[in-house]
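Here is a friendly briefing to read beside the model. Please have the sequence and the coordinates open as you go.

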Amino acid sequence: MDVARARFAIYLALARRQLADGIGGKVELIIGPYFERPFATINADDLVDATLKGIRAPLVKELPVVGALDQVSDLTPVLEDPSGSQRMITALPG
């Protein structure tokens with residue numbers, strides 16, 4: 001099995017586990033292109049949307065959706081510097 005197929009198998013296994021645990025509602029799992037980039041990934045946006053729709057607790061629904069710093073910046077000097085990364089995270093709104 002090549003590296004890409006192994007990665008896809010992992011994406012699918014983790015997503016299926018999440019769905020089996022009742023997180024994410026009904027989502028068709030799709031491996032496909034990531035915008036115009038030269039690689040494929042799983043339809044994570046659909047999984048996030050379905051998960052958010054399933055949240056019932058008002059206090060949890062009001063919380064901001066946050067991700068990892070690498071979703072905001074792909075600058076290697078920032079991602080490799082713990083104090084720089086923390087400063088950037090602190091400066092982000094929400």
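This is a predicted model: local features need pLDDT of at least 70, side-chain atom pairs count only at pLDDT 80 or more; totals for chains, interfaces and linings use all residues.

Residues are numbered from 1 along each chain as its sequence is written, and side-chain values use heavy atoms, with hydrogens and water left out.

**Overall fold**

- The protein chain has five helices and two strands, where helices (H or I, at least four residues) and strands (E, at least two) are DSSP runs numbered from the N terminus.
- In sequence order, the pattern is α-β-β-α-α-α-α.
- The radius of gyration is 16 Å, well over the 12 Å that the globule rule gives for 94 residues, so the protein chain is more spread out than a compact globule. This radius is taken over C-alpha atoms, and the rule is 2.2 Å times the number of residues to the power 0.38.
- The C-alpha trace spans about 40 × 35 × 20 Å along its principal axes.
- Among contacts (heavy atoms within 4.5 Å) with a separation of 6 or more, 24% join residues 24 or more positions apart.

**Surface and charges**

- The accessible surface of the protein chain is about 7,600 Å², and carbon and sulfur atoms hold 60% of it; the areas come from the Shrake-Rupley method with a 1.4 Å probe.
- Of the 94 residues, 18% are buried. Buried means under 20% relative accessible area, exposed over 50%, and partly exposed in between (1.4 Å probe, protein chains only).
- There are 10 positive and 12 negative side chains, with the centres of the two sets 8 Å apart. Lys and Arg count as positive and Asp and Glu as negative, leaving out His and the chain ends; each charge is placed at NZ of Lys, CZ of Arg, CG of Asp or CD of Glu.

**Nonpolar core**

- The largest nonpolar core has six residues: L12, A15, V27, I42, L47 and A50. Such a core is a set of buried Ala, Val, Leu, Ile, Met, Phe, Trp, Tyr and Cys residues joined through side-chain atoms within 4.5 Å.
- Two or more residues of this core come from each of α1 (3-20) and α2 (44-53).
- Leaving aside residues up to four places away in sequence, A15 touches L29, I42 and L47.

**Two loop residues**

- F35 sits in the loop between β1 (31-33) and β2 (40-42). F35 is exposed, at 60% relative accessible area, and its phi is near 50°, a positive value in a residue other than glycine.
- D81 lies in the loop between α4 (76-79) and α5 (82-91), and is partly exposed at 29%.
- D81 and Q71 are 10 residues apart in sequence and 16 Å apart in space, C-alpha to C-alpha.
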